[in-house]
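Here is a quick, friendly tour for anyone meeting this protein for the first time. Have a look at the picture, and then we'll walk through it together.

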Amino acid sequence: MMSQMPQLSACPSCEWPLESGDRFCGACGYDLSAVPAPPDDHPTVMLNGTDVPSGDDGVAWPVAPEPSSSSTPAATHLPTDLRGTDSGGTPLSPEHPPPLPQAAGLPAGPPTGSPVSPASGVRFDRPPEPDEYPLQAPDPRLAEQAGPASEAKVCVACRAGHVDRDGYCENCGHAQPRERDHMEQECGPLAAVSDRGLRHHRNEDAFGIGLATLPDGSPASVAIVCDGVSSATRPDDASLAAARVATESLLAALPRGTHPQQALHDAIVAASLAVNALADEPATAREHAPHQNAPACTIVGSVVTAGLLVVGWVGDSRAYWVPVDRASPPARLTEDDSWAAQMVAAGLMNEAEAYADERAHAITGWLGADAYELDPHTASFKPDRPGVVVVCTDGLWNYAEAAEDMAEVVPPDAAVRPLHSAQVLVGHALDGGGHDNVTVAVVPFPALPQGAGSA
C-alpha cells in the first residue's frame with residue numbers, strides 16, 4: 001500500500017511539511033492515501049510569453065447592448081463598449097488590447113507529461129480533487145497562536161456543544177470549518193461574501209470592503225476582491241495579502257484627497273508589492289518545491305462615490321454594472337487578462353468558441369514576483385441612474401458570464417439589501433456546481449453615507 005501512495009512534500013489540505021511514508025497529515029489529519037478524482041473545473045492558471053493588455057480606460061454611459069448574432073451568445077459588454085468622459089470630463093479614447101503574438105508562439109493545447117509547458121509556461125498542474133470535500137480538521141498551528149476566546153463558539157454540526165481550543169466540538173467531536181471556508185461582511189451600505197465552493201479543499205479567494213469620507217465630506221465605498229492562482233504556491237496567502245493591502249491603501253488615500261482613479265491604481269501597485277514580498281523565502285524552502293511558481297493572485301476593485309464609479313483590475317476577476325431599473329442595460333466594466341479574451345480581441349475566435357476552449361482560463365496578467373511589469377487597468381464611469389456594482393471572481397461569473405446573465409441573478413433590491421444579494425449570488429454559483437471558490441462584493445451606486453445598509 002505504501003508504494004502506491006503519492007509522494008508529497010506537503011499536505012494537499014494545509015501545506016504542512018510531510019515526511020516520507022506519512023499516511024496522514026500531522027497537522028490536519030488529511031488522509032494521504034486517498035487518490036481523489038480530478039474535478040471538472042476551470043483553474044486559474046498563468047500564461048507566460050503573451051503580452052498583457054495595457055492602458056487606462058475610462059468611460060461613461062448608458063449604452064444599449066449590441067445585438068447578439070446566431071453564432072454567438074448574448075453580447076458581453078466590454079469597457080470599450082461604453083464611451084464618454086473620464087472623471088474630469090475629458091473625452092476618452094479607450095485603448096484596445098494589443099494583437100496576439102505570432103500564432104506559432106501560442107500553445108496548441110494543454111501540455112502532456114510535465115505540468116509546465118516549456119514553450120508557453122502555461123500551468124495545468126492543479127492537484128486532483130474529489131467531487132466534494134468534507135470539513136477538514138483545523139490547523140493546530142492556528143489554535144496555538146490564538147488567544148483565549150472571548151465567548152465559546154457553538155458547534156455547526158450538533159448546535160449544542162461548545163468548540164474547544166483545538167477546533168473540535170466537545171459534544172459530538174465534529175471538526176469545525178476553517179474561518180476562510182465561508183466569510184461574510186457587511187460594512188454600512190455594501191457587503192461581501194466568500195465561499196470555498198464544493199470542489200476545493202480550501203478558499204483561495206479574499207476580499208476587503210470599507211467606507212471612507214472624502215475631503216468634501218461625501219462618502220466613498222471601497223471593495224477589493226482577489227483570486228489566488230491555484231498553480232502557484234501559497235495562493236491563499238497571496239490573495240489575502242493583496243486584498244488587505246489594497247483596501248488599506250484606498251481607505252488611507254481617499255480622505256487625503258487623492259483622486260479615486262489614482263488611488264485605485266496606487267492600491268493595486270501596493271497589493272502587487274505585498275504579493276511579491278511573499279516570494280522572499282529561504283533558498284532551502286524553494287528546494288522542496290522547485291516546480292512551484294511564486295505566490296500570485298488576480299485583483300479587481302471598485303471605488304464608488306456620490307457621482308463617480310471607478311474600477312481597476314489585473315487578471316480575470318470582474319466588475320459588472322447592474323442598474324436598479326432593469327429596463328436599462330447592464331454592462332461588464334472590466335476586460336479579462338486571459339487567453340480567451342486575447343483570442344476574441346485578435347478576431348481569431350468568437351466568445352463562445354474562446355470560452356469553451358480548455359485554455360480559456362489561462363491568465364496573461366496577475367500579481368506576483370514572476371509576473372510581467374505591472375500595468376494596472378483602471379476605468380472611470382459616471383452613471384446617470386442608481387444601480388449596483390458586482391465585484392467578483394470567476395467562481396461566480398463562470399455561472400453568469402454575460403452582463404445580461406449577471407443582471408438576471410442579482411436580486412431587484414440589491415441596492416438596499418447588499419448582504420442578502422451577495423448571499424444569493426454565492427448560492428447561484430453553488431447551485432451551478434461550485435467548481436471554484438466564489439467571492440462577490442455588492443456595492444450600491446451612488447455611495448450612501450455610513451449607517452445605511454441592509455433593510
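Two residues are in contact here when they have heavy atoms within 4.5 Å. With that in hand, take the contacts between residues at least 6 apart in sequence: 68% of them join residues at least 24 apart. Keep in mind that this is a predicted model.

**The overall picture**

The protein is built with nine helices and 14 strands. It has 455 residues, and 51% of them are buried.

**A closer look at β14**

Is strand β14 enclosed or open? Eight of its eight residues are buried, so the rest of the structure largely encloses it. Both faces are covered: one side carries Val438, Val440, Val442 and Pro444, the other Thr439, Ala441, Val443 and Phe445, and all of these are buried.

Which strands are joined to β14 by bridges? Strand β3 (residues 190-195) is, through five bridges, and the two run antiparallel. Strand β13 (residues 387-392) is as well, with six bridges and again an antiparallel run. To pick out partners, Asp195 has Val438 of β14 as its bridge partner, while Gly387 stands opposite Phe445 in β14.

**The aromatic pairs**

Phe445 turns up again in the next topic.

| Pair | Ring centres apart | Angle between planes | Arrangement |
|---|---|---|---|
| Trp321 and Phe445 | 5.9 Å | 75 degrees | edge-to-face |
| Tyr355 and Trp397 | 6.2 Å | 90 degrees | edge-to-face |

Start with Trp321 and Phe445. Trp321 sits in strand β8 (residues 318-323) and Phe445 in strand β14 (residues 438-445), so their pairing ties together parts 124 residues apart in sequence. Both Trp321 and Phe445 are buried.

The other pair links helices. Tyr355 belongs to helix α6 (residues 351-356) and Trp397 to helix α7 (residues 394-397), so this pair ties together parts that are 42 residues apart in sequence. Are these two buried or exposed? Buried means under 20% relative accessible area. Tyr355 has 15% relative accessibility, so it counts as buried. Trp397 has 1%, so it counts as buried too.

Trp397 has another neighbour to point out: Arg318 lies over the face of its ring, at 3.5 Å from the ring centre.

Methods. Residues are numbered from 1 along each chain as its sequence is written. This is a predicted model: local features need pLDDT of at least 70, side-chain atom pairs count only at pLDDT 80 or more; totals for chains, interfaces and linings use all residues. Side-chain values use heavy atoms; hydrogens and water are left out. Rings of Phe, Tyr and Trp (its six-membered ring) pair if their centres lie within 6.5 Å; planes under 30 degrees apart count as stacked, over 60 as edge-to-face and the rest as tilted. Helices (H or I, at least four residues) and strands (E, at least two) are DSSP runs, numbered from the N terminus. Buried means under 20% relative accessible area, exposed over 50%, partly exposed in between (1.4 Å probe, protein chains only). A charge sits over a ring if NZ of Lys or CZ of Arg is within 6 Å of the ring centre and within 35 degrees of the ring normal. Two strands pair if DSSP finds at least two bridges between them.
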